[in-house]
Amino acid sequence: MCKIQTLSDDAKSYRPKYELQDIFRLYGDDYIARHKLNSMQLKAIGDISTCRTSAMGYNASECNDCKNLEFAYNSCRNRNCPKCQGDKRYDWIEKRLKTTLDVPYYHTVFTVPNQLSQIAIYNQKIFYEILFKSSADTLKLFANNLKWWDVNKSTLESVEPKIDLAFFGILHSWGQTLVYHPHIHFVVAGGGIMGNTLVEPKYKSKFLFPVKAMSKVFRGIFIKRVKRAYYDGSLEVHDELKDSRIFENYIDNLTSRKWVIYMKSQFKSCTKIVEYMARYTHKSAITNSRIISIDNNIIRFKYKDYKDSSKNKIMKLSSDEFIKRFLYHIPPKRFFRIRYYGAIQRVAKIEGIKTIKVEPSIKQAKPTCRKCKCKEIQTVVVVDRYKKVVQGLMTPNILIQREEIGFYDSS
């Protein structure tokens, strides 16, 4: 009989001492009983609490060489779970590099004043849509102004004077201390497509577009859309803002403030910028490695204070406050946090446009056999939370050996 190993036992030495899962197991039910949560928040708590436990079902993998059999509990695959985003992250990096122009790239961040957070919390889907559309439209407007591009006269005579910018954006809603701060990170190509020709920025050694001018345009577009949503009754606001005069004064106050757009200078390596942005694509609001302790309804976790030279510090929150802050970052149902714009959708199909064909420097770790260290290990059966075989074939040998080690506990 072949030797059987369990991944769950072996993983204990690698598992952080404290996890988000532990917090939800200890305090999740009590929090749910005392607060009104939406379906996505409830699902996130339930999935994270049971991730990689018997409640999720299990899978069995077999080594093609030594026939060693290994068992593991299934992942929840919830996009808010800190343990379930690794594989998706690597796949995303590979796909993005296939449609990456051979040009420098700019990391651009669109933010809004903190005073808008209270409106955003209760209107997440509408607010995020406005944020995405306003920031993307701002980039498109500046891209279509030819004074920012080094365009030949011959090119202008042969094609329509319109620049198609290649960029993608990622919604990010948290800070290091889990505070609610919605903003969007964009990766913008330092080159545009005019017809089937690649054109370069005029001031590429200094900047792509002027951020101060962009901030004013973005502010105007964003405020206009917020007002439209308010007057058509789409926005849910506090009682005092239901008076249109008070609301207008509130908006005027925001309009008088500086709206910050951050645009970092060129990333010379497209691989670096894509892998850098992968930190934001498939990631929950906090990683397990940052949680230091869970004790007597107090959660302590590490964070970087960017206002104090990025020093490492420790935040202490009650379990209620910690869970409340985390749940703010659960996106609405069927909401896409990553969006793609302009030429990025078609660069691979344009003849004569050079794209990067490179392998990512960060690669996904392949499963190996714990007995012989062979990499030829494959999943032979997957059983879901309802004990139904959803992949492969349950053989008598797998069933007998699973029972012998008591791996699957239906409780």
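This is a predicted model: local features need pLDDT of at least 70, side-chain atom pairs count only at pLDDT 80 or more; totals for chains, interfaces and linings use all residues.

Visitor: Is Val-109 buried or exposed, and why?

Guide: Val-109 has a relative accessibility of 8%, and because buried means under 20%, Val-109 counts as buried. Val-109 lies in strand β4, which covers residues 105-111, and the residues that Val-109 touches, leaving aside those up to four places away in sequence, include His-183, Ile-184 and Ile-261. Although Val-109 and Ile-261 are 152 residues apart along the chain, their C-alpha atoms are separated by 5.7 Å.

Visitor: How many residues does the largest nonpolar core have?

Guide: In soluble globular proteins, nonpolar side chains tend to be buried together. Here the largest nonpolar core has 50 residues, and Leu-116, Leu-139, Trp-149, Phe-209 and Phe-222 are those with the most contacts inside it. Among the elements that give two or more residues to this core are β4, α6 and α8, and α6 gives the most, with nine residues. Apart from this core lies another, of 31 residues, with Ile-23 and Met-315 among them.

Visitor: At what angle do the axes of α6 and α8 cross?

Guide: Two packed helices are described by the angle between their axes and the distance between the axes. The axes of α6 and α8 cross at roughly 145° and come within 9 Å, and the crossing is right-handed. The residues of this contact divide into 15 nonpolar, three polar and three charged, with Phe-127 in α6 and Phe-222 in α8 among those that meet.

Notes
Residues are numbered from 1 along each chain as its sequence is written. Side-chain values use heavy atoms; hydrogens and water are left out. Helices (H or I, at least four residues) and strands (E, at least two) are DSSP runs, numbered from the N terminus. Buried means under 20% relative accessible area, exposed over 50%, partly exposed in between (1.4 Å probe, protein chains only). Contact means heavy atoms within 4.5 Å. A nonpolar core is a set of buried Ala, Val, Leu, Ile, Met, Phe, Trp, Tyr and Cys residues joined through side-chain atoms within 4.5 Å. Axes are lines fitted to C-alpha atoms, for helices over the stretch in contact, and angles run from 0 to 180 degrees between N-to-C directions. A crossing is left-handed if the near helix is turned anticlockwise from the far one by less than a right angle, and right-handed if clockwise. Ala, Val, Leu, Ile, Met, Phe, Trp, Tyr, Cys and Pro count as nonpolar, Asp, Glu, Lys and Arg as charged, and the others, Gly among them, as polar.
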